[in-house]
Amino acid sequence: VFKYKNGYRAQLTHYENGVRYTKTKSGFKTKRSALEWCVLNASFARNMTSPTFSALYKEWSSTHYQNITAKKIQQYQHVYDESHDLYKMRFADIGVRHFQAVMDAQKNTYAVRKIFKSVYSMMSDYAMRCGYITTNYARLCVVPSAEKPNKRAFTSDEISKVWTLWNDKNDLAAGATLIMIYTGMRWGEISTIKPENIYLDDGYMRGGIKTETSKQGEILIVDAIKPIVKKLMMPTNRIGALSSEGFRGAFNAMQEYLDIPRHTVHECRHTTATILASLGVQPAIISEIMRHSSYAQTMAYTHVSREEKLNSLSRVVTTEL
């Protein structure tokens, strides 16, 4: 720090491989403020000797990998393998465009690109702690929004096939599917409800999950599925004896056997709301049955076909005429 014009100038100097690098700033009113600037920018020299991306990855992973699962390590290693364009770059020279270019080159899904951003961000945080960089540019990278999968309700023909399989073979996956369709239950509910919380004679059970409205609401049991509930969920919950993966495997095998398009387990719940809406049930009642806290939630679960909408509009026209 030295006197310069009417104030002070601060200068940082660093030599690397015989080359002199300087960083200066003038206009300080006091010597103390100039010295404080020097302290705040002391990482300047360390930035000049910032390790390469490859070297930093090895340094960071040597400690970080001690506390994560083998699956995570495999995912993070894939990020490194795909980042070969960055290997020889000094980490301090890598900016948003460099990280973003690697991420954009991936043909994988939103989830995979999100892992890339996460790894780059963790490495950048580590580099900041070491004083190699001052800004985490990885956090500024953009991951395109995940595409929401199109939910599709079971058709009446598909439900009829599931009923036939249940009546013919008492197939567990078929029975569970029918229970979920006619109650609006989630897999997390049907698999965990205790038999003592099933009041078959009164037509309801308790054991909702997620929201308070869902937990406090009654899961209604119509007469048609009472025999299925009694057989599969009382006195022990046979459905809950299967793991989530085990049930999904049986659920998919059932659909393949019945030769129907693939549905997700959660689409059973969507089917409940869709059937109720197509029957003209009042929105407030649908929300109560689905145990939603608002009808806005219920709307996301109803998938009324174009034909049904046109028929409804046609009835309006007929009424007016």
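Me: Helix H3, residues 53-64: what should it span, and how far apart are its end C-alpha atoms?
Reply: This is a predicted model. At 1.5 Å a residue, the twelve residues of H3 should span 16 Å, and the end C-alpha atoms are 16 Å apart, which agrees.

Me: Which residues in H3 are buried?
Reply: Phe53, Ser54, Leu56, Tyr57, Trp60 and Ser61 are buried in H3. Looking down the helix axis, the buried residues of H3 fall within an arc of 155 degrees, so they line one face of the helix.

Me: And what covers the buried residues of H3?
Reply: The cover includes helix H4 (70-81), helix H5 (96-104) and helix H6 (110-129).

Me: Switching to cysteines. How many disulfides are there?
Reply: The count is zero disulfides, taking cysteine sulfur atoms within 2.5 Å as the rule.

Me: Cys38, buried or exposed?
Reply: Cys38 counts as buried, because its relative accessibility is 16% and the cut-off for buried is under 20%.

Me: What about Cys268, buried or exposed?
Reply: Cys268 is buried, with a relative accessible area of 0%.

Me: Back to helices. At what angle do H8 and H12 pack?
Reply: Helix H8 (residues 172-183) and helix H12 (residues 244-258) pack at about 95 degrees, and their axes are 9 Å apart. That angle makes H8 roughly perpendicular to H12.

Me: Which residues meet there?
Reply: From H8 there are Leu172, Ala173, Ala174, Ala176, Thr177 and Met180, and they meet Phe247, Ala250, Phe251 and Met254 of H12.

Key. Residues are numbered from 1 along each chain as its sequence is written. This is a predicted model: local features need pLDDT of at least 70, side-chain atom pairs count only at pLDDT 80 or more; totals for chains, interfaces and linings use all residues. Side-chain values use heavy atoms; hydrogens and water are left out. Helices (H or I, at least four residues) and strands (E, at least two) are DSSP runs, numbered from the N terminus. The expected span of a helix is 1.5 Å times one less than its number of residues. Buried means under 20% relative accessible area, exposed over 50%, partly exposed in between (1.4 Å probe, protein chains only). The arc is that of the directions from the helix axis to the C-beta atoms. Contact means heavy atoms within 4.5 Å. Axes are lines fitted to C-alpha atoms, for helices over the stretch in contact, and angles run from 0 to 180 degrees between N-to-C directions. Angles under 35 degrees count as roughly parallel, over 145 as roughly antiparallel, 65 to 115 as roughly perpendicular and the rest as oblique.
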